[in-house]
Amino acid sequence: MTREPRAVTLRAVRKCFGDVTAVADVTLEIHAGELMVLVGPSGCGKSTLLRLIAGLEEPDGGEVWIGDHPVADVEPRDRDVAMVFQSYALYPHMTVARNLGFGLSVRGAGRTEIEARVGEVAASLRLGELLGRRPGQLSGGQQQRVALGRAMVRDPGVFLFDEPLSNLDAALRLQTRDEIAALHRRLGTTMIFVTHDQVEALSLGQRVAVMDRGRVQQVGTPHEVYRRPANLFVAGFVGSPPINRLALTRDRRGRLAGGPFTFPGPSTHREATLGVRPEDLTAAPGSSAAPPGPVGAPPEFTAAVLRVESLGSEQRVHLDGPGEAGWVARAGPTLRVAAGMKVSVRVAWERTHLFAPDGRRLGRAPRPGGAPPS
């Protein structure tokens, strides 16, 4: 690749479809050469944001910059971007070679240049033996590699991926995800990748932008987004199984209390939510057993096991408490528990989260117990 990677900057970008606001004043900077993932539930505006960058939609407000220039008046074909769609969008009557080179031929490139670029990209994506085939003769993973190659042939400054792995089975998703990550490492080109799969987002992105209802809720590294979620939505959306929650209310002494926990206070909030990741719970069989932890520290609560999901490398232990919805603990494969058993549970309080009534993260939850300060 010879073209320099381009930064992409969004400044208060807004897009509405009738009375529905798809993108609400989004400001975001994607650095040159970065792999940024936009993740969120269906309808959150992530694909619309990608189409605004590509020029396939026009914003109702704000600015889109690619490199050092705004692109409001630049046609999609002149924006120095290449888009890979979920549907592959290959021409069924053309061979792989013609699909790869079609964009260059439309732009008036000569035959020698097209053949050289197609050969280079085909070798990079292991498509050399498939150049004479048509899309209908390819597997889903091979078709997706052709779609990637068609974008690469153009040598763009920015790659845009709109849920390109959604149509693949689990094994091919993992393989193609690894290929995209390797491609980014090799090319160093700016890539913006849209997905609704938070595992995909955390494993691919150098940074992740979590979206909900047209707004960016948090931007950060995968570790930052997972371990320091900006709000309750991010905490609940990112992570599998989802974060355990417990509603807390202020008692007469000004402390926050809920389930088996009472936190020292007094609290400045009438209500709050405690969040605990499943891997931050440690369970041991028996109501009197002490799970591994600080010497002499008692377990925080006892619960009955509702069911156990065995996933080979780990187990997910569903508990009947605390709170009405129950909690899930993530455990290693050697833990011997079954439905109906009682377990003692300890919480890693240094990795917990406390959220305000409006969803904002307040910080780490204090260790429960003790009297409020005088």
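This note comments on selected helices, strands and residues of the structure above.

1. The structure is a predicted model, in which local features need pLDDT of at least 70 and side-chain atom pairs count only at pLDDT 80 or more, while totals for chains, interfaces and linings use all residues. Residues are numbered from 1 along each chain as its sequence is written, and side-chain values use heavy atoms, with hydrogens and water left out.

2. Helices (H or I, at least four residues) and strands (E, at least two) are DSSP runs, numbered from the N terminus. Helix α3 comprises the 14 residues 111–124, which at 1.5 Å a residue should span 20 Å; the end C-alpha atoms are 20 Å apart, in agreement. The expected span is 1.5 Å times one less than the number of residues.

3. Which residues of α3 are buried? They are Ile114, Arg117, Val118, Val121 and Ala122. Their arc around the axis is only 130 degrees, so they are on the same side of α3; the arc is that of the directions from the helix axis to the C-beta atoms. On the other side of α3, Thr112 and Ala123 are exposed. Buried means under 20% relative accessible area, exposed over 50%, and partly exposed in between (1.4 Å probe, protein chains only).

4. The buried residues of α3 pack against α2 (96–106) and α4 (140–153), where contact means heavy atoms within 4.5 Å. Just after α3, Arg126 has a positive phi of about 55 degrees.

5. Two strands pair if DSSP finds at least two bridges between them. β4 (residues 61–66) and β5 are joined by two bridges in the antiparallel sense, and Ile66 stands opposite His69 in β5.

6. Phe301 belongs to strand β16 (residues 301–310). Is Phe301 buried or exposed? Phe301 is buried, because its relative accessible area is 7%. Beyond its neighbours within four places in sequence, its contacts include Pro260, Phe261, Leu319 and Trp327.

7. Strand β18 (residues 327–331) has four of its five residues buried. β17 (residues 315–319) pairs with β18 in the antiparallel sense over five bridges, and Arg316 stands opposite Arg330 in β18.
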